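Subject: Structure for you to look at

Hello,

Here is the structure I promised you. Please open it and keep it beside this email while you read.

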Amino acid sequence: TIPVRRRGLLFAIREGTGGLLGFLMLMAVGPIVAKLDYPKNYTVLFFTTFVFMFISWTTLLFVKEAPAPLERRVKPLREHMSGLLAAVRGDRDLLRFFVCRWTFGLAQIAAPSFFAMRAVAVLGAGQAAAITVKLAMVTMLSRSAVSFVAGPLGDRFGYRLVTSLASLSAAFGIAMALLATNVWGFYA
């Protein structure tokens, strides 16, 4: 239902507004972290996260998908999986895309832990804990701003460029954290 040349715009709207809402949520998280002692603050935050995830999943139950325009033959799972494997084996670019996304995804999983541990090493545990919410807010705002640009950029010049720029910016962020000697290095 989404034209190929408009997928970036959808990405921009989805990720950009999601980042802005995340930023607003983090503004509410700051006082909780500051006023409540551990483990009460984490208990409140985890419970709140559960509530919002539950609302999200419940809302998804009411989404009606448009009927598929073509009749499809329902394939057994084994046949479906072998077809996917054949598609990946038969298309080198698709395989390269998956390898790129998988490795980038693994790096994205490790990055928050790396940033947190580096912040503790540079700033000390007390100061690192105090700026965690602010760093998350900077991340949300920058992600939101970049998403509004990246989507249309991908529609116009291709998503390979956007993926390459995302990888470069992630590498730049890690380099900045390695070189950081104060809180401003982490904000960058």
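Tyrosine 42 is partly exposed, at 44% relative accessibility. The scale works like this: buried is under 20% relative accessible area, exposed is over 50%, and partly exposed is in between (1.4 Å probe, protein chains only). Tyrosine 42 lies in helix H2. Helices are DSSP runs (H or I, at least four residues), numbered from the N terminus.

A word on the source. This is a predicted model, where local features need pLDDT of at least 70 and side-chain atom pairs count only at pLDDT 80 or more, while totals for chains, interfaces and linings use all residues. Residues are numbered from 1 along each chain as its sequence is written, and side-chain values use heavy atoms, leaving out hydrogens and water.

Next, the salt bridges. Side chains of opposite charge can pair when their charged atoms come close. The cut-off here is a side-chain nitrogen of Lys or Arg within 4 Å of a carboxyl oxygen of Asp or Glu. How many salt bridges does the structure hold? There are 3.

- Arginine 14 pairs with glutamate 15, with the closest N and O atoms 3.2 Å apart. Arginine 14 is partly exposed at 48%, and glutamate 15 is partly exposed at 23%.
- Arginine 143 also pairs with glutamate 15, at 4.0 Å from N to O. This pair links distant parts of the chain: arginine 143 is in helix H5 and glutamate 15 in helix H1 (residues 7-35), 128 residues apart. Arginine 143 is exposed, at 52%.
- Aspartate 93 pairs with arginine 96, at 3.3 Å from N to O. Both lie in helix H4, 3 residues apart, about one turn of the helix. Shared partners join Arg14, Glu15 and Arg143 into one network.

Now look at serine 144. Is serine 144 buried or exposed? It is buried, because its relative accessible area is 1%. Serine 144 sits in helix H5 (residues 125-157). Neighbours within four places in sequence aside, serine 144 is in contact (heavy atoms within 4.5 Å) with Glu15, Gly16, Gly19 and Leu20.

The axes of H3 (residues 77-90) and H4 (residues 92-123) come within 5 Å and cross at roughly 105°. Axes are lines fitted to C-alpha atoms, for helices over the stretch in contact, and angles run from 0 to 180 degrees between N-to-C directions. H3 is therefore roughly perpendicular to H4, a label that covers 65 to 115 degrees.

Best wishes

Conventions
Helix = DSSP H or I, 4+ residues; strand = E, 2+ residues; numbered from the N terminus. Parallel < 35°, antiparallel > 145°, perpendicular 65-115°, else oblique.
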